[in-house]
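Hi,

Here is the structure I promised to pass on. Please have a look at it first, and then read my notes below.

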Amino acid sequence: MHVPASNPAQRAWAVTPSDTLPVSYGVSGVSFARGVLASGPCLVRVTTLGGDIVTLPFQAGYNPVSITQVWNSGTSLGGYSLFGLY
């Protein structure tokens, strides 16, 4: 499935941080998230689509970063939820 980056998200799923599983685990036809929706402000350790592993401050709402993994170690959600968008 090819969706131009300028299009709004057409897929959404709950993301569970994991040190072993990709962000799109269990989501057929999707290998990464084009963005992440956070239910509140949090610190999230991610692997970007380009391969960088960084801890980013996510704001409540849409966070425009393409990621392949949300790490459990180094992530502090503070009770908030994450949703992958594609």
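Let me start with a term: a residue is called buried under 20% relative accessible area, exposed over 50%, and partly exposed in between (1.4 Å probe, protein chains only). Please keep in mind that this is a predicted model, where local features need pLDDT of at least 70, side-chain atom pairs count only at pLDDT 80 or more, and totals for chains, interfaces and linings use all residues. Residues are numbered from 1 along each chain as its sequence is written, and side-chain values use heavy atoms, with hydrogens and water left out.

First, the loop between β5 and β6, where Pro64 sits. Strands such as these are DSSP runs (E, at least two residues; helices are H or I, at least four), numbered from the N terminus. Pro64 counts as exposed because its relative accessibility is 63%.

Now the core. A nonpolar core is a set of buried Ala, Val, Leu, Ile, Met, Phe, Trp, Tyr and Cys residues joined through side-chain atoms within 4.5 Å. The largest one here has 19 residues, and those touching the most other members are Trp13, Cys42, Val44, Phe58, Ile67, Val70 and Leu82. Two or more residues each come from β1 (12–15), β2, β3 (42–48) and β6. The largest share, three residues, is given by β3.

Leu82 belongs to strand β7 (residues 82–85) and is buried, as its relative accessible area is 2%. Contact below means heavy atoms within 4.5 Å. Neighbours within four places in sequence aside, Leu82 is in contact with a list of residues including Trp13, Cys42, Val44, Phe58 and Val70. Leu49 is 33 residues from Leu82 in sequence, and their C-alpha atoms are 17 Å apart in space. With residues up to four places away again not counted, Val70 touches Val15, Pro17, Ser18, Val23, Val44, Arg45, Val46, Thr75 and Leu82.

Gln69 lies in strand β6 (residues 67–70), and its 13% relative accessibility is why it counts as buried. Its side chain reaches the backbone oxygen of Asp19 at 3.5 Å. Beyond four places in sequence, the residues that Gln69 touches include Asp19, Leu21, Arg45 and Thr47. Thr48, in strand β3, is buried with a relative accessible area of 13%. Leaving out neighbours within four places, Thr48 is in contact with Val54, Val65, Ser66, Ile67 and Thr68.

Finally, the surface. Which residues make the nonpolar patch of about 260 Å²? They are Leu37, Tyr62 and Phe83. Patches take residues with over 30% relative accessible area and no salt bridge, joining like charges within 9 Å and nonpolar side chains (Val, Leu, Ile, Met, Phe, Trp, Tyr) within 5 Å. A salt bridge is a side-chain nitrogen of Lys or Arg within 4 Å of a carboxyl oxygen of Asp or Glu. Areas come from the Shrake-Rupley method with a 1.4 Å probe; for residues, only the protein chains shown count as cover.

Leu37 is in strand β2 (residues 35–38) and is partly exposed at 34% relative accessibility. Tyr62, in strand β5 (residues 61–63), is partly exposed too, with 44% relative accessible area. Apart from neighbours within four places, Tyr62 is in contact with Arg34, Gly35, Val36, Leu37 and Leu85. The C-alpha atoms of Tyr62 and Ala38 are separated by 6.6 Å, and these residues are 24 apart along the chain.

Best wishes

Conventions: A polar contact is a pair of N or O atoms within 3.5 Å; within protein, one must be able to donate a hydrogen and the other to accept it, and residues adjacent in sequence count only if both atoms are side-chain atoms.
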